Amino acid sequence: MALPAVRNLKTMLMETPLTVAAPEKIAGLWRKCPFVDQVIALQQPRSLPATVAELREGKFGSAVLLPNSLRSAAEAWQAGIPQRIGYARGGRSLLLTNAIPAPARNPARMHQRYYYLDLVTAIGGPSDASLPKLRKEPTVVAGYRGLVLAVCPGAEYGPAKRWPVENFVAVAKHFMASRKAKIVLLGAPSDVAVAEEFAKLLPDIDNRVGKTTLTQFIAALVSARLVLCNDSGAMHLASALGVPTLAVFGSTEPQLTGPMGARSRALRHHVPCSPCFLRECPIDFRCMKSITPQMAIAAAEELLR
């Protein structure tokens, strides 16, 4: 969701080099950005001294802090970066040289992308909200030319963001029967238990959950004709790569964190208690259970046209 803002920052900087500092586990994504000149993969992002040391080595003149945390401001301040720009939130204004007031709530700009964009715009950057294109190498599943359906049934935040596994299986079975689809299961190590539950119900799949690097994960997404997922990091990654993406939403709000790609769609059934933003549903999980496999199949068929 920060990609448009970072692209706009580079547009403003022109020939001045732009470096992105990010945890090692997501550094591979930033390396796919043609507008990023250098990536610092933070080896120990939880260690303040380690991060400060890595930032200090860069001898940067300015830092634009997208996180709202006090920690991110402290890192830039201790690293001796002269100009430190960020929103005046989290009690960190004294650590910033440019403390930007947080934008007022605007119903037309609710998505998280605008929150990042407004920070860059406040310092003179353009306001282009489009999703930039990433570098991607064309790839295919070895020995397979039919429909490849990538299924990402996990969601790190909690069970309230996960569509029931049996529904994912029902959609997968439909496309295996109707289009002879190959099913590739993808996810992080934290999604292994969900993937194992899926594999018990549908053994004839390629289960790569917890077994890929980010680079391999990206390659698998690019090889897919369609990605079926929850509101998750996989959703944003697939959408940013331009892969048709169908995301099922439950406890969260698509207007805030929905996929941004032109070939993406959020499937959501609104109920009185949504969005609750809870990790676990305390009642009957009606927001997710109301979304049937048939609804997802119909939406997926539209994306595949």
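Is R225 buried, partly exposed or exposed? In this predicted model, R225 has a relative accessibility of 31%, so it counts as partly exposed. To find it, look at the loop between α8 (214–223) and β9 (226–230).

Now for the aromatic side chains. A pair of aromatic rings is described by two things: how far apart the centres are and the angle of the planes. Searching the whole structure turns up three such pairs.

One of them is Y87 with Y115. Their ring centres are 4.5 Å apart and their planes sit at 40 degrees, so this pair is called tilted. It connects distant parts of the chain, since Y87 belongs to strand β4 (residues 83–87) and Y115 to helix α5 (residues 112–122), 28 residues apart.

Another pair is W163 with F168. Here the ring centres are 5.1 Å apart and the planes are at 80 degrees, so the pair is edge-to-face. W163 counts as buried because its relative accessibility is 1%, and F168 is buried with a relative accessible area of 0%.

## A cluster of tyrosines

Which residues do ring pairs link into a cluster? They are Y87, Y115 and Y116. So if you have already found Y87 in strand β4 and Y115 in helix α5, look for Y116 to complete the cluster.

Terms used:
Residues numbered from 1 in each chain as written. Predicted model: local features only at pLDDT ≥ 70, side-chain atom pairs only at ≥ 80, totals over all residues. Heavy atoms only, no water. Helix = DSSP H or I, 4+ residues; strand = E, 2+ residues; numbered from the N terminus. Buried < 20%, exposed > 50% of the residue type's maximum accessible area, 1.4 Å probe, protein only. Phe/Tyr/Trp six-rings, centres within 6.5 Å; stacked < 30°, edge-to-face > 60°.
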